[in-house]
Each structure stands twice: as C-alpha cells, then as structure tokens.
Amino acid sequence: MQADFSSDIAEMESTLTTVEKVMDVEELAARVDELEQKAADPELWNDPDHAQRVTSELSHVQADLKRVGDLRSRLEDLPLLAELAAEEGDDDAAADAVAERDSLRADIEALEVKTMLSGEYDQREAVVNIRSGAGGVDAADFAEMLMRMYVRWAEKAGHKVEVYDTSYAEEAGLKSATFVVHDPYMYGTLSVEQGTHRLVRISPFDNQGRRQTSFAEVEVLPVVEQTDSIEIPENEVRVDVYRSSGPGGQSVNTTDSAVRLTHIPTGVVVTCQNEKSQLQNKVAAMKVLQAKLLERKRQEERAELDALGAGGNASWGNQMRSYVLHPYQMVKDLRTEFEVNNPSAVLDGEIDGFLEAGIRWRMREQQAADS
C-alpha cells in the first residue's frame, strides 16, 4: 500500500502545484486583502449594487483561497495517515487512508477543472433557457425534468437560482423556462450543457404504455454586464404586457405585470413574469434580451473567423446527451462518452461528473482547434 500511496501522492502533488500556479495563490491573497479593505469602507453601501458585487466577490475569492489551502493541508497530511495505517496494521485505518486518498484526488481534479474556465465570459453568471422540442407532452414533461435537474444541482452546490419566466404546457410540463444561476463561473460551468437533450422512456401519458422518445433544447448564455457593448435603442424593441398565469391557467396576479419584449431587427423574443411589478419584469426581460443579442453577436463573429479558417467548428451537433429509462437505465453524454447508470440521481441534480467531463472535452477541442 505504501508504494501505491507514494505514486498517488506524487501525481496529486504535481496536479495541485499546477493548479496553484494557474490560480496564482499569492494574487488571490492580495485580492482578498484589497476587497476586505473595500468592504470595510463605511461609504461602500451608499451604492448597494456596487457593495453587493464587492462582498460577493470577496466571499468567492476567500472560498477559492480556502479551498486550495485546505487541499494542500490534506495532501501534506496524507503520507502520515498512510504511514500510521501501515505501522498499525489496522484494516479500518487502512480503509480510512484509502478513502481519504480517493476523496482528495477527486477534490483536486474538481478544482483542476475550474482552472480550465478561462474563456472570455466564463466568470459570468448564467442565463439558462430550456425549451421543449419534438415529442409532444412527453417533451414538455422532459423540459420540466431538466429544469428541476439544474435547480437541484444549483441548490445542492449553494448557488442561488432566480426564475424569470415559465411557460406551462396545457397537459403537463413546460413549453419553456428561463432562469439565472447566480455566482461566478456559472456560465463557464453550465455552458457545456448547451444543446439538445434526448429522453427515452415508457410514456406515462400513453395509455398503451408505449416507448416514447422526446427532446428538449438547453441554451446557456452569459449574464450581460455594464462593460459589454450591447446597446438596444428603444425604437428597436416592442413591449407587450399581459397577465401572468401559472399551471392550468390559474391567475398569478390580477394586473398586467408580465412583459414580452420583441427585438424588431432580429425577431428575438423574451418574456418575464416572475415579479409582481411590470417594471421589474421589464428590467429582467431586458437582461435576457441583452444576453441573447450578445450571444448572437459572438456567433456571428465566430462564423466570420471560421470562414477565414481562423477557428474550428464550435457546433456540438443536434444531440449531446441521452437519458434512457427503458429498456435499460443510462445517461450518456455523446460528446465525452461519460455515462452513469443511475438516471434518477442525475435527474435529481447529480451532474458534476457530466460538467467536469464536458469542460475537459471542451478544453481538448479548443487545443486541437488552436494547434
């Protein structure tokens, strides 16, 4: 066991040292000091939005610094743990050492994945749009299952989710939904989920119990910040207001507070009905519209580069993941080949393995395109 541990520890030491260099631990510590000074300024809260950004960044930078520090401490303690287990010849102690080794390796690899989020918008929060596709009521039900999956994942990880809009289907499920996952790096993390998701199961809506294949589309956008050059003239946006409604047509409130924005030049449409105030819904809808137009601009620029031979094909194909509930149980990512034989756990939010595999796959694709 000692020899195996020495090899494993050396490998983890190499990976963690690389992670520390990429994260620049000294720069992180300096940033914590800088943000703590800003947070201590009694005038900070004169601008609540700025204060919120400062305190949020401070919290996350402190968490990153603590995370890498804790991993370093655990790695330094691991040889002693293995040595004591070997000296005592205790099976329980040996099992504890192996469990800590495996846990530490997984935690270091998870942090390594985060260092791969270095794209232009990867540090942003994420706007997630889910739309039901082919498959009728099963597709609408699948769209709702996917929304629950992402919300559960975010809740388990401590990320706040803010729902902007839900459009319910007539019989069951969702036609579409839009929500924001707050916290830094949510766009970089969740952007690998973009694409068409496919569900195969015995339809609960088919009285003959037949197998049904249905589809749902996931779109992930970076939240637009003030520094982004996306300006939308008022005369290019049509604003429609209507009454918010929930499942089965039940009235959410008695005023026309829901807002639909149509960008006239492109035909892009967004809606928001989460807030009771029409003004709040308009502000939220404008954020989503800006995000969509920013992504449209990025795709146009990428297409121009591809036409000039300056970049690889960014398309991931029509289907990126299959969720099979019958005749066998499996969720498989068609790009990374990562698969899990427990769809219930995946649909309950346990998608970290898919996210990490997707981020590593994207990194390899980018490296191949650049070479």
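Hi everyone, one term before we start: a residue is buried when its relative accessible area is under 20%. Keep that in mind, because the cut-off of under 20% comes back later. And please remember that what you see is a predicted model.

Let me begin with the whole chain. It has nine helices and 11 strands, and its C-alpha trace spans about 75 × 65 × 50 Å along the principal axes. Of the 371 residues, 40% are buried. The chain exposes about 19900 Å², with carbon and sulfur atoms supplying 46% of that area. As for charges, there are 39 positive and 70 negative ones, and their mean positions lie 8 Å apart.

Now to helix α3, residues 48–88. How far apart are its end C-alpha atoms? They are 58 Å apart, which agrees with the 60 Å that 41 residues should span at 1.5 Å a residue. There is a kink of about 30 degrees at Asp 77, shortly before the proline Pro 79. The buried residues of α3 include Val 54, Leu 58, Val 61, Leu 71 and Leu 75, and also Asp 64 and Arg 72. Just after the helix, Gly 89 takes a positive phi of about 60 degrees.

Last stop: Thr 166, which sits in strand β2, residues 161–168. Is Thr 166 buried or exposed? Its relative accessibility is 15%, so Thr 166 counts as buried, given the cut-off of under 20%. Beyond its neighbours within four places in sequence, Thr 166 is in contact with Met 147, Leu 174, Ser 176, Ala 177 and Gln 273.

Technical notes: Residues numbered from 1 in each chain as written. Predicted model: local features only at pLDDT ≥ 70, side-chain atom pairs only at ≥ 80, totals over all residues. Heavy atoms only, no water. Helix = DSSP H or I, 4+ residues; strand = E, 2+ residues; numbered from the N terminus. Buried < 20%, exposed > 50% of the residue type's maximum accessible area, 1.4 Å probe, protein only. Areas by Shrake-Rupley, 256 points an atom, 1.4 Å probe, with all protein chains shown as cover. Lys, Arg positive; Asp, Glu negative; His and termini not counted. Charge placed at Lys NZ, Arg CZ, Asp CG, Glu CD. Contact = heavy atoms within 4.5 Å. Expected span 1.5 Å × (residues − 1). Bend = angle between axes of the 7 residues up to and from the residue.
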